[in-house]
Amino acid sequence: QIQYCIARGYAAPAPGSPTRPARTTLRARPSPRAMRSLPALLALALLLTASSCGPDGSPSGPDPLEPDPTIPGVPTDPTAPAPPAEPEPPAEPPPEWAFVPISGAQCRDGSATGVGLREVDGATDLLIAFDGGGACFNAATCKGNRASYGPEDFATQMSRRADNGIFSLEASNPVADWTAVYVPYCTGDLHGGTAENVAVPGVVGLQQFVGHLNLGATLDQLAPTVGTPERVLVAGGSAGGYGALFAFDAVARRYPDAELFLLTDSGPLLFDDAVFSPAFGGAIQALFGLPASVPDASLSAPDALQSLYAYYAQTYPDATLALASYTDDPTIRDYLEAGQPGREISADAYATALRNLERQLPEAWHTYIVDGTGHVFVTKNEAYNGRTRAPNLSAWLADLLAGRGADVEPGLPEQE
């Protein structure tokens with residue numbers, strides 16, 4: 001391609017060809033005055049040349065035969081590469097957990113404690129999740145139950161389970177974008193106690209069974225933070241499943257305008273006396289001070305805890321109530337045996353008692369029963385979000401929250 005440089009007055013030859021100065025033809029003899037002006041004109045021409053040609057005489061600016069893309073309205077080469085795309089803004093960081101000390105809350109050894117809080121920007125719904133961890137009603141069971149819980153315990157625990165199970169941030173979790181309150185378990189009383197300075201035979205020191213009192217302090221302190229949620233889910237597994245059951249009334253009264261949901265996981269109050277005797281139920285109620293935390297005096301009789309199922313269905317007819325369990329739960333069977341010395345509870349006996357509970361639940365209650373041996377769904381990724389069963393618990397919970405509740409029934413052994 002031949003390139004032109006007007007100021008030089010020549011065309012660049014093809015490579016390898018001899019060069020020859022371009023011929024200039026003068027059309028008329030200039031006047032003496034014009035001759036005197038010629039040096040100034042030549043100087044001006046050289047000055048313009050310096051700004052438009054390179055050292056070899058080639059143009060240093062835009063090719064005059066190509067459109068200038070800097071001029072508005074000038075078409076550009078459609079085959080030219082597109083300019084680099086603007087970088088995408090960084091993703092929003094996931095919401096983080098924070099430990100919130102609760103004024104007046106204490107563990108069963110009397111030490112101060114608190115709760116976990118995960119705030120989600122723009123969230124209009126609230127999850128209150130109760131942790132599990134056994135119970136403390138004799139020397140053997142108290143050994144396996146946490147007696148204190150502070151910020152260090154919270155940091156360690158959340159390093160392993162900050163986004164597990166019902167706390168998962170995956171889109172498949174229907175409560176992933178809810179503000180979450182995590183209630184740790186260090187009171188040994190199924191989160192329902194109101195009894196202070198209690199002596200337990202074989203256990204050193206006086207025990208503070210104050211889970212229900214801690215709940216009240218938590219709801220008071222967090223009220224400005226959580227505001228008035230549109231939906232509230234109270235959930236928990238194992239001891240936390242019992243805790244969710246005992247706490248539901250207090251939470252429902254605190255948020256009377258919210259749409260209410262209760263999920264008690266692996267914490268059934270069984271009706272069969274051979275599995276859960278009135279004597280054991282009465283002993284637990286007296287030890288933990290449960291009569292002071294149940295919502296109605298009629299529920300404080302030794303064998304009346306199971307009436308909570310009917311009470312909630314009648315008192316909160318618009319609430320969605322749900323129970324989840326495996327047909328065989330060795331962990332619950334072990335604690336029932338520990339509280340009823342000399343009694344052996346087989347897997348078949350437990351499954352039959354669970355079937356009886358299902359039959360006696362009011363129609364308002366929904367059930368998610370998995371045929372097999374296991375313990376707790378809500379805190380375990382595979383059990384909560386696993387793909388081995390359809391629907392998995394998270395999908396079933398999503399239906400409940402959307403008003404499409406249905407029972408998941410594996411076909412438990414029929415009562416003879």
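## Basis of the model

In this predicted model, local features need pLDDT of at least 70 and side-chain atom pairs count only at pLDDT 80 or more, while totals for chains, interfaces and linings use all residues. Residues are numbered from 1 along each chain as its sequence is written, and side-chain values use heavy atoms, with hydrogens and water left out.

## Aromatic pairs

A search of the whole structure gives 16 aromatic pairs, where rings of Phe, Tyr and Trp (its six-membered ring) pair if their centres lie within 6.5 Å, and planes under 30 degrees apart count as stacked, over 60 as edge-to-face and the rest as tilted. Tyr309 and Trp365 form an edge-to-face pair, with 5.1 Å from centre to centre and 85° between the planes. Tyr309 lies in helix H7 (residues 308–315) and Trp365 in strand S12 (residues 365–373), so the pair ties together parts that are 56 residues apart in sequence; helices (H or I, at least four residues) and strands (E, at least two) are DSSP runs, numbered from the N terminus.

The rings of Tyr368 and Trp396 have centres 5.0 Å apart and planes at 40°, so this pair is tilted. Tyr368 belongs to strand S12 and Trp396 to helix H11 (residues 393–401), so this pair joins parts that are 28 residues apart in sequence.

## The largest cavity

The residues that line the largest cavity divide into 17 nonpolar, three polar and no charged, with Ala, Val, Leu, Ile, Met, Phe, Trp, Tyr, Cys and Pro counted as nonpolar, Asp, Glu, Lys and Arg as charged, and the others, Gly among them, as polar.
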